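Please walk through the charged and aromatic side-chain contacts of the structure shown here, taking one group of residues at a time.

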Amino acid sequence: MSISRTTHTTVTFAHPFRLPGYETDFPAGTYGIDTTEDLIEGLSFMAYQRVSTELHYRTEKGVPFVEKIFSIAPSALDAVLAKDKDKDAKQKSAAQKSDGA
């Protein structure tokens, strides 16, 4: 039996986005992320290996709500977050240019 740990974090998207491998368009908002890691046994120090990363998406607002869980690659999540931040930077730059014109 292996020892596991799960870390819960949240990420916020300013813009709608799509995760690679899924046809779902996700709206802007805050999403829960769960990362599960297993202890690597047999080492002289504690080390963990990531075994899954999941994005939690509430499809309905209010109560009751429906929550879907999407398995994602950490690198894909990082890429989508970077693209979202890049869109923010471009919009801010365009707004500053139009204010100065």
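**Charges and rings**

In this predicted model, Arg-5 lies over the face of Tyr-48, at 3.7 Å from the ring centre. Arg-5 also forms a salt bridge with Glu-37, in which the closest N and O atoms are 2.7 Å apart. Because Arg-5 belongs to strand 1 (residues 4–13) and Glu-37 to strand 4 (residues 29–39), this pair ties together parts that are 32 residues apart in sequence. The two partners can also be described by their accessibility: Arg-5 counts as partly exposed at 39% relative accessibility, whereas Glu-37, at 16%, counts as buried.

The count of salt bridges comes to 2, and Asp-25 meets Arg-18 in a salt bridge with an N to O distance of 2.9 Å. Here Asp-25 counts as exposed, at 53% relative accessibility, while Arg-18, at 45%, counts as partly exposed.

Turning to the rings, the model holds 10 aromatic pairs. In one of them, the rings of Phe-17 and Phe-26 have their centres 5.0 Å apart and their planes at 10°, so the pair is stacked; both Phe-17 and Phe-26 are buried. Tyr-22 and Phe-70, by contrast, form an edge-to-face pair, with 5.0 Å from centre to centre and 90° between the planes. That pair links distant parts of the chain, since Tyr-22 sits in the loop between strand 2 (17–18) and strand 3 (25–26) and Phe-70 in strand 6 (residues 67–71), 48 residues apart. Tyr-22 is partly exposed, with a relative accessible area of 27%, whereas Phe-70 is buried, at 9%. Ring pairs join Phe-13, Phe-17, Tyr-22, Phe-26, Tyr-31, Tyr-57 and Phe-70 into a cluster.

Terms used:
Residues numbered from 1 in each chain as written. Predicted model: local features only at pLDDT ≥ 70, side-chain atom pairs only at ≥ 80, totals over all residues. Heavy atoms only, no water. Salt bridge = Lys/Arg side-chain N within 4 Å of Asp/Glu carboxyl O. Helix = DSSP H or I, 4+ residues; strand = E, 2+ residues; numbered from the N terminus. Buried < 20%, exposed > 50% of the residue type's maximum accessible area, 1.4 Å probe, protein only. Phe/Tyr/Trp six-rings, centres within 6.5 Å; stacked < 30°, edge-to-face > 60°. Lys NZ or Arg CZ within 6 Å of the ring centre and 35° of its normal.
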